[in-house]
Amino acid sequence: MMRTLLFYFTFIFIGSIHAQFNFRSPIDGEIKIAANFGELRANHFHSGIDIRTDGEEGWKVYAVEDGFVSRILTSKKGYGNALYITHPNGLTSVYAHLSAYNDIIKNFASACQTAHEDFELDTILLPAAIPVKKGDVVAFSGNTGGSSGPHLHFEIRDTKTEFVINPENVGFEIKDIYTPRIFSVAIFSLQGYQSKYVQTIPIPNGKTIPVTPGRVGIGMSGIDYYSDYQFNAGLYNTQLFKNDTLIFEKRMDTFSFDHWRCINAHLDYEVLQTKSINIEKCFHDDGDLTEIYPRLLNQGIINIKPGQTIQIRLVTKDHAGNQMQVAFALRGTVAVKKALPKYNALPLQINNLTARKATLTIPAGAIYDTCMFSFYADTTYRNYSYKYVVGARTIPLQKEIELKILPITIPKSGTEKLYVKSLTMGSVGGKFTDGYMVARTKTCGVFVIDVDTNAPIITPINIPYSKNISANTTLKFRIYDTQTGVKSFKATANGKYILFSYDLKYNLITCNLNDVDLSGNNDFELTVTDGCGNIKRYKTVLTKN
Ligand SMILES: [Zn+2]
């Protein structure tokens, strides 16, 4: 209860101080978005806004306020090329999926990358290193990292806590003329400490829904639009009233990265996995620590007696105040005596499970809700290990669980070639320790021990047959490993490191020849290593006139 109150005051504070911020737009012209803050994504809430760039890369990206470059991140996935600018007002702005930085930042970044002989960079800068003024062109928009089309991902964070803040709360204006929509209402039965989805009803305005007496939860599906029906967005604020008392509220003002994965507790994960439908729960799981619930009375759970009628009102509002409301009643039916569902795992404690030649540790806080967590060996499968069923695909995980499997046989190639494989997700890595393969995973599934003795694959994309690269502006290779993935790569010319950027979604590495001097003859070597230490080398002599 204390926690809930504290967060409530935090929200009011942020709401009341935004008048003092005087940010400019990070792009030229009006901000049009493809995604808003808090939008529902796979395994996370969206932490910023996605600003549209008309399908183009290379738009100028401006510092939104005076400050200094506080962090440069270059990654093969996720944010891709990203930039963090810290401002004197206590906030930090973040710009991601960039195609390029301005020259000062680019030179700083490539010096760090070359010094570490690694494209992947995550460096923190002191205020004096690269100061910026509001309106400076700091970078150019792009499509790097986990981006699936050109746009600018833009974030505002609290500098001290790193909590992300809804940019609309601090003065970034997005035109919003459309009303958010509720499509349907869902009913959950919450008996035996487990939530069970019962049914979905399209807009039950004025209706009375019969429900089994006991603990009942409400869920809802809906989306918002801003000023373009082509781009739907997440719901900003949802309130659930029981007989006119507010018992649950979700508001997308701020959250921490520690808890953004709790979206899998906010949504009904089973319905998401089995029907690909987002149902936002208007009640709360014990293990869901997201900061997005300013109001939780009795966790949003409704107790209903046989024959009792309860009035329910569901209201959703966008940031501009447009709103939609659905009002209906629940009526308790005749009581039925049913056996409560069984469980073997609790969310707030360590759960240790065993199976034949294997153990499983579920740390406290790894599951969100009380559940029956399967763990058993299929001994009809005998390869390097038995086959293990670990949980179910309908159970979401907040933290990694640890799987220890005793191998049945050790391959001639040695224990370093062993890895643990999910039959659906592929390699989850693993380390041979004290006779066991130990691996961690955040996704339930079916697991076995497998062996990787195959080296990665290197495919030159634009190396001329003559090996004369005088006409090239770039060098591109596809690098790939089917089993344990590419762990690292390194390219050298005459023994000297040369920088290639890496974009994992295309398995593509690229060297910009404007940035390196390869005139004359070069002994070129590219080395790619996979997760089990298998190495592939590509060697040639590249000539530039
Ligand atoms: Zn984004």
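Analyst: Lys60 stands opposite Phe140 in strand 12. Helices (H or I, at least four residues) and strands (E, at least two) are DSSP runs, numbered from the N terminus. This is a predicted model, in which local features need pLDDT of at least 70, side-chain atom pairs count only at pLDDT 80 or more, and totals for chains, interfaces and linings use all residues. Residues are numbered from 1 along each chain as its sequence is written.

User: Which residue is the bridge partner of Tyr62 in strand 12?

Analyst: The bridge partner of Tyr62 there is Val137. Strand 5 and strand 12 (residues 137-140) pair in the antiparallel sense over 3 bridges; two strands pair if DSSP finds at least two bridges between them.

User: And what stands opposite Ala100 in strand 12?

Analyst: Ala100 stands opposite Phe140. Strand 9 and strand 12 pair over 2 bridges, in the antiparallel sense.

User: What is the strand order in that open sheet?

Analyst: The open sheet has 3 strands in the order 5-12-9, and the pairing is antiparallel. Strand 5 (60-62) and strand 9 (100-101) stand at the edges with a single partner strand each, so one side of each is left without a neighbour in the sheet. Strands of a sheet pair through backbone hydrogen bonds, either parallel or antiparallel.

User: Moving on to helix 2, how many residues does it have?

Analyst: Helix 2 (residues 103-116) has 14 residues. From its first C-alpha to its last it reaches 20 Å, close to the 20 Å expected at 1.5 Å a residue; the expected span is 1.5 Å times one less than the number of residues.

User: Which of its residues are buried?

Analyst: Ile105, Ala109 and Gln113 are buried in helix 2. A residue is buried if 20 or more other C-beta atoms lie within 10 Å of its own, exposed if 12 or fewer, and partly exposed in between, with C-beta atoms placed from the backbone. Seen down the axis of helix 2, the buried residues fall within an arc of 60 degrees, so they line one face of the helix. The arc is that of the directions from the helix axis to the C-beta atoms.

User: What do those buried residues pack against?

Analyst: The buried residues of helix 2 pack against strand 6 (67-74), strand 7 (81-86), strand 9, strand 10 (121-124) and strand 12. Two residues are in contact if their C-beta atoms, placed from the backbone, lie within 7 Å. On the other side of the helix, Asp103, Asn107, Ala111 and Ala115 are exposed. Just after helix 2, Glu117 takes a positive phi of about 50 degrees.

User: Finally, how many helices and strands does the protein have?

Analyst: The protein has 4 helices and 45 strands. Its radius of gyration is 27 Å, close to the 24 Å that the globule rule gives for 545 residues, so the protein is as compact as a globular protein of that length. That radius is taken over C-alpha atoms, and the globule rule is 2.2 Å times the number of residues to the power 0.38. Buried residues make up 40% of the 545 residues.
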